[in-house]
Amino acid sequence: MAYWLMKSEPDVFGIDDLAARPNQTEPWDGVRNYQARNFMRQMKIGDQVFFYHSNTATPGIVGIAEVAREAYPDHTAWNPDGKYYDPASTPDKPRWDMVDVRYVRHLKRIIPLTELKGIEALADMPLVRKGNRLSVMPVSEAHWRLILALEDTPRA
(Lines give C-alpha, C1' and ligand atoms only; values in the text may rest on other atoms or scores of the structure.)
Protein backbone atom coordinates (compact mmCIF):
# COMPACT_ATOMS: atom_id res chain seq x y z
CA MET A 1 0.00 0.00 0.00
CA ALA A 2 1.13 3.52 -0.77
CA TYR A 3 0.24 6.81 0.91
CA TRP A 4 -0.68 10.10 -0.73
CA LEU A 5 -1.84 13.63 -0.01
CA MET A 6 -4.45 15.34 -2.19
CA LYS A 7 -5.29 19.02 -1.88
CA SER A 8 -8.66 20.60 -2.49
CA GLU A 9 -10.21 23.93 -1.68
CA PRO A 10 -13.07 23.28 0.77
CA ASP A 11 -15.35 25.85 -0.88
CA VAL A 12 -14.95 23.94 -4.18
CA PHE A 13 -14.92 20.36 -2.88
CA GLY A 14 -14.15 19.56 0.74
CA ILE A 15 -14.07 16.44 2.83
CA ASP A 16 -17.68 17.01 3.90
CA ASP A 17 -18.65 16.95 0.21
CA LEU A 18 -16.87 13.63 -0.24
CA ALA A 19 -18.57 12.17 2.84
CA ALA A 20 -21.97 13.24 1.44
CA ARG A 21 -21.51 11.66 -2.00
CA PRO A 22 -23.25 8.41 -2.94
CA ASN A 23 -21.10 5.57 -1.61
CA GLN A 24 -18.91 8.38 -0.21
CA THR A 25 -16.95 8.16 -3.47
CA GLU A 26 -16.11 10.77 -6.09
CA PRO A 27 -13.78 11.15 -9.10
CA TRP A 28 -10.79 13.39 -8.38
CA ASP A 29 -10.88 15.34 -11.61
CA GLY A 30 -9.40 18.56 -12.92
CA VAL A 31 -5.72 17.86 -12.15
CA ARG A 32 -3.77 19.77 -14.79
CA ASN A 33 -0.19 19.32 -13.65
CA TYR A 34 1.88 16.56 -15.26
CA GLN A 35 3.72 15.55 -12.11
CA ALA A 36 0.49 15.35 -10.09
CA ARG A 37 -1.12 13.38 -12.93
CA ASN A 38 1.81 10.97 -12.97
CA PHE A 39 1.43 10.42 -9.23
CA MET A 40 -2.24 9.59 -9.76
CA ARG A 41 -1.23 7.06 -12.41
CA GLN A 42 0.79 5.25 -9.72
CA MET A 43 -2.14 4.97 -7.29
CA LYS A 44 -3.64 1.57 -6.55
CA ILE A 45 -7.02 0.63 -5.09
CA GLY A 46 -6.79 0.75 -1.30
CA ASP A 47 -3.93 3.28 -1.17
CA GLN A 48 -4.52 5.73 1.67
CA VAL A 49 -4.89 9.46 1.07
CA PHE A 50 -4.62 12.45 3.38
CA PHE A 51 -7.36 14.90 2.41
CA TYR A 52 -5.91 18.40 2.66
CA HIS A 53 -7.87 21.66 2.62
CA SER A 54 -5.97 24.44 0.87
CA ASN A 55 -6.67 28.11 0.26
CA THR A 56 -8.45 28.52 3.57
CA ALA A 57 -7.76 30.40 6.81
CA THR A 58 -6.17 27.28 8.30
CA PRO A 59 -4.84 25.05 5.54
CA GLY A 60 -4.18 21.54 6.74
CA ILE A 61 -4.94 17.83 6.73
CA VAL A 62 -8.57 17.26 7.64
CA GLY A 63 -9.22 13.61 6.94
CA ILE A 64 -8.48 10.34 5.23
CA ALA A 65 -9.74 8.90 1.97
CA GLU A 66 -8.70 5.87 -0.03
CA VAL A 67 -8.26 5.17 -3.71
CA ALA A 68 -11.41 3.41 -4.93
CA ARG A 69 -10.60 3.29 -8.66
CA GLU A 70 -7.23 3.51 -10.37
CA ALA A 71 -6.37 6.16 -12.95
CA TYR A 72 -8.58 6.54 -16.00
CA PRO A 73 -9.02 9.36 -18.55
CA ASP A 74 -10.37 12.62 -17.14
CA HIS A 75 -13.30 13.34 -19.43
CA THR A 76 -13.67 16.88 -18.04
CA ALA A 77 -10.79 17.85 -20.33
CA TRP A 78 -13.05 17.21 -23.34
CA ASN A 79 -15.85 19.60 -22.43
CA PRO A 80 -15.24 22.91 -24.24
CA ASP A 81 -17.60 24.67 -21.84
CA GLY A 82 -15.97 23.25 -18.70
CA LYS A 83 -13.36 24.91 -16.51
CA TYR A 84 -10.95 21.98 -16.98
CA TYR A 85 -11.14 21.93 -20.79
CA ASP A 86 -7.93 21.12 -22.65
CA PRO A 87 -8.23 21.10 -26.45
CA ALA A 88 -5.05 19.01 -26.70
CA SER A 89 -6.73 16.15 -24.81
CA THR A 90 -9.11 13.96 -26.79
CA PRO A 91 -10.88 10.65 -26.14
CA ASP A 92 -8.44 9.02 -28.58
CA LYS A 93 -5.41 10.64 -26.94
CA PRO A 94 -6.29 11.60 -23.38
CA ARG A 95 -3.73 13.82 -21.70
CA TRP A 96 -5.21 13.90 -18.20
CA ASP A 97 -6.33 11.23 -15.75
CA MET A 98 -8.39 11.04 -12.59
CA VAL A 99 -8.88 8.50 -9.83
CA ASP A 100 -11.90 7.82 -7.66
CA VAL A 101 -11.48 8.42 -3.94
CA ARG A 102 -13.66 7.16 -1.11
CA TYR A 103 -14.17 8.84 2.24
CA VAL A 104 -12.68 6.98 5.21
CA ARG A 105 -12.96 9.46 8.08
CA HIS A 106 -12.33 12.95 9.37
CA LEU A 107 -9.26 13.39 11.54
CA LYS A 108 -9.96 14.07 15.20
CA ARG A 109 -8.59 17.55 14.59
CA ILE A 110 -7.20 19.52 11.68
CA ILE A 111 -3.44 19.16 11.41
CA PRO A 112 -2.48 22.65 10.19
CA LEU A 113 0.31 23.25 7.69
CA THR A 114 1.96 25.59 10.20
CA GLU A 115 2.23 22.71 12.68
CA LEU A 116 3.60 20.32 10.04
CA LYS A 117 6.24 22.88 9.03
CA GLY A 118 7.46 23.01 12.63
CA ILE A 119 8.28 19.29 12.82
CA GLU A 120 11.89 18.54 11.94
CA ALA A 121 11.11 14.93 10.96
CA LEU A 122 8.82 16.25 8.19
CA ALA A 123 11.36 18.68 6.71
CA ASP A 124 11.82 16.57 3.58
CA MET A 125 8.08 16.07 3.01
CA PRO A 126 7.06 17.74 -0.29
CA LEU A 127 4.10 19.49 1.36
CA VAL A 128 6.26 21.51 3.75
CA ARG A 129 8.96 22.47 1.26
CA LYS A 130 8.83 26.06 0.06
CA GLY A 131 7.22 26.56 -3.32
CA ASN A 132 5.55 23.18 -3.52
CA ARG A 133 2.17 23.73 -5.13
CA LEU A 134 1.38 20.18 -6.24
CA SER A 135 -2.19 19.10 -5.59
CA VAL A 136 -1.26 15.40 -5.46
CA MET A 137 1.90 14.08 -3.83
CA PRO A 138 3.30 10.95 -2.26
CA VAL A 139 3.66 10.58 1.51
CA SER A 140 6.20 8.20 3.00
CA GLU A 141 4.95 5.58 5.43
CA ALA A 142 7.06 7.17 8.19
CA HIS A 143 5.50 10.58 7.54
CA TRP A 144 2.01 9.02 7.37
CA ARG A 145 2.42 7.41 10.78
CA LEU A 146 3.90 10.53 12.36
CA ILE A 147 1.07 12.73 11.07
CA LEU A 148 -1.59 10.27 12.21
CA ALA A 149 -0.07 10.29 15.68
CA LEU A 150 -0.49 14.08 15.76
CA GLU A 151 -4.28 13.88 15.76
CA ASP A 152 -4.20 12.44 19.30
CA THR A 153 -1.96 15.18 20.66
CA PRO A 154 -3.15 18.71 21.41
CA ARG A 155 -1.75 21.37 19.14
CA ALA A 156 1.38 22.87 20.64
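**Close-up views of a predicted model**

**View 1. Leu-116 and its contacts in the predicted model.** Not counting residues up to four places away in sequence, Leu-116 touches Ile-61, Ile-111, Leu-122, Leu-127, Val-128, Ile-147 and Leu-150, where contact means heavy atoms within 4.5 Å. Leu-116 is also among the residues with the most contacts inside the largest nonpolar core, which has 41 residues; such a core is a set of buried Ala, Val, Leu, Ile, Met, Phe, Trp, Tyr and Cys residues joined through side-chain atoms within 4.5 Å. Buried means under 20% relative accessible area, exposed over 50%, and partly exposed in between, with a 1.4 Å probe and protein chains only. Because this is a predicted model, local features need pLDDT of at least 70 and side-chain atom pairs count only at pLDDT 80 or more, while totals for chains, interfaces and linings use all residues. Residues are numbered from 1 along each chain as its sequence is written, and side-chain values use heavy atoms, with hydrogens and water left out.

**View 2. The buried side of helix 3.** Helix 3 spans residues 34–42, and its buried residues are Ala-36, Arg-37, Phe-39 and Met-40; helices (H or I, at least four residues) and strands (E, at least two) are DSSP runs, numbered from the N terminus. These residues lie on the same side of helix 3 because they cover an arc of only 155 degrees around its axis, the arc being that of the directions from the helix axis to the C-beta atoms. The elements they pack against include strand 1 (3–8) and strand 2 (25–28).

**View 3. Strand 4 between its partners.** Ten of the 14 residues of strand 4 are buried, so that the strand is mostly covered. Strand 3 (residues 48–53) runs antiparallel to strand 4 and is joined to it by six bridges, and two strands pair if DSSP finds at least two bridges between them. Within this pair, Phe-51 stands opposite Gly-63. Strand 5 is likewise antiparallel to strand 4, with ten bridges joining the two, and Met-98 in strand 5 is the bridge partner of Tyr-72.

**View 4. His-143 in helix 5.** His-143 is found in helix 5 (residues 141–150) and counts as buried because its relative accessibility is 10%. Leaving aside neighbours within four places in sequence, His-143 is in contact with Ala-121, Leu-122, Asp-124 and Met-125. Trp-144, Ile-147 and Leu-150 are buried in helix 5 as well. The buried residues of helix 5 fall within an arc of 120 degrees seen down its axis, so they line one face of the helix, whereas the face turned away from that buried side carries the exposed residues Ala-142 and Arg-145.
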